[in-house]
Amino acid sequence: MLTFSSSSVAPVAKSATGRWVSRVGASGGGKAYKKTRPANFYGAVALIVIFGLLAVVLARYDYQHPSKHHAGVSPRIGQTWYAGLTIQACGERLGYLTADASTDKTAGLTVEPGNVIRISPLSAADSGNNATLSQFAAEFPGLIASTTQLSVPKPTGVANPKTTYTNGQACPTGSKYAGQVGKVTYAYWTAYGKKPIITTNPTTIKFTNQMRVAMAFDPVNVTPLTPTTKTDELLLAYNTAPATTTTIATPTTTTTVKSTGTTTTPTTTTTTPTTTTTKKG
């Protein structure tokens, strides 16, 4: 048997291809691959992130700083409308909602004394097509108006179990429809129309100027009552109140020149401007 020692075997020289493969493996990829991947891939990712952040910042700014005179669907920010409201349950009217001055700066849909709704949008949330009866309820503390529930809060804004009604609930003893099952409905009259439009969805009632609205919990086929005469009178007063105007009288100047042979300095008499202000009633 022939035996060979490791020292007697000549080393095999690597070919050019083998040397190239070794270099590529050691470097982690070809030169072209290393050069193009960071520039194209990571650059594109950076641009996507930058543009995404800019879009978010611009959207947030537009939401927090809405234009006060932008064109669009009425009522727009800066406009003021009024609507009349009544709330009833089981055939009987409930008391007027209590006006809350603290919400005037935070809500665009507020209530004035006598159940007159003031529609003066402050943001996109309650302007245009978003100026709905549902949005009014959302902005009034404690008031709930949905397709299945009507809840009128106490003057403090706390829920009142006695004036909270849910579909399928029976009218209480002593009411006009005692024992009968009730259902939440909403009605509205446009520009003092005689026939109401009745719905179960308050989001479909978009306010118009001088609209009259009813929130009700009554047995099926009972037509809600219109707002009270007092509410109608106040609504008319709000919509016909004169605007504040200021009248400034034009100043008059009279110059008198003496007829003499010598030159005399003219004398000038000026009437002081007067201002008359008519205040809104």
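Which residues have the most contacts inside the largest nonpolar core? Before selecting them, note that this is a predicted model, in which local features need pLDDT of at least 70 and side-chain atom pairs count only at pLDDT 80 or more, while totals for chains, interfaces and linings use all residues. Residues are numbered from 1 along each chain as its sequence is written, and side-chain values use heavy atoms, with hydrogens and water left out.

Begin with the whole protein, coloured by secondary structure: there are 4 helices and 14 strands, taken as DSSP runs (H or I of at least four residues for helices, E of at least two for strands) and numbered from the N terminus. Of its 281 residues, 28% count as buried, that is, under 20% relative accessible area with a 1.4 Å probe and protein chains only.

Next, select Leu85, Leu97, Leu133, Phe136, Leu143, Phe207 and Met215, which have the most contacts inside the largest nonpolar core, a set of 31 residues. Such a core consists of buried Ala, Val, Leu, Ile, Met, Phe, Trp, Tyr and Cys residues joined through side-chain atoms within 4.5 Å. Elements that each supply at least two of its residues are β1, β3 (109-112), β4 (116-119), α3 (133-139), β8 and β10 (212-218), and β1 gives the most, with 5 residues.

Centre the view on Phe136 and display its contacts (heavy atoms within 4.5 Å). Leaving aside neighbours within four places in sequence, Phe136 touches Leu85, Leu97, Leu109, Thr110, Val111, Ile117, Leu143, Phe207 and Met215.

Now move to β8, which is largely enclosed by the rest of the structure, because 6 of its 7 residues are buried. On showing its strand partners, where pairing requires at least two DSSP bridges between two strands, you will find β10 running antiparallel to β8 and joined to it by 7 bridges; within this pairing, Tyr186 has Met215 of β10 as its bridge partner. Strand β9 (residues 197-199) is also antiparallel to β8, with 3 bridges between them, and here Ala187 stands opposite Ile198.

Finally, select Cys90 and Cys171, which form a disulfide with their sulfur atoms 2.2 Å apart, inside the 2.5 Å limit used for such a pair; a search of the whole structure finds 1 disulfide. The link between Cys90 and Cys171 is left-handed, with -95° about the S-S bond. Cys90 lies in the loop between β1 (81-89) and β2 (92-93), and Cys171 in the loop between β7 (164-166) and β8 (183-189), so that the pair links distant parts of the chain, 81 residues apart. Cys90 counts as buried at 1% relative accessibility, as does Cys171 at 4%.

Note on methods:
Buried < 20%, exposed > 50% of the residue type's maximum accessible area, 1.4 Å probe, protein only.
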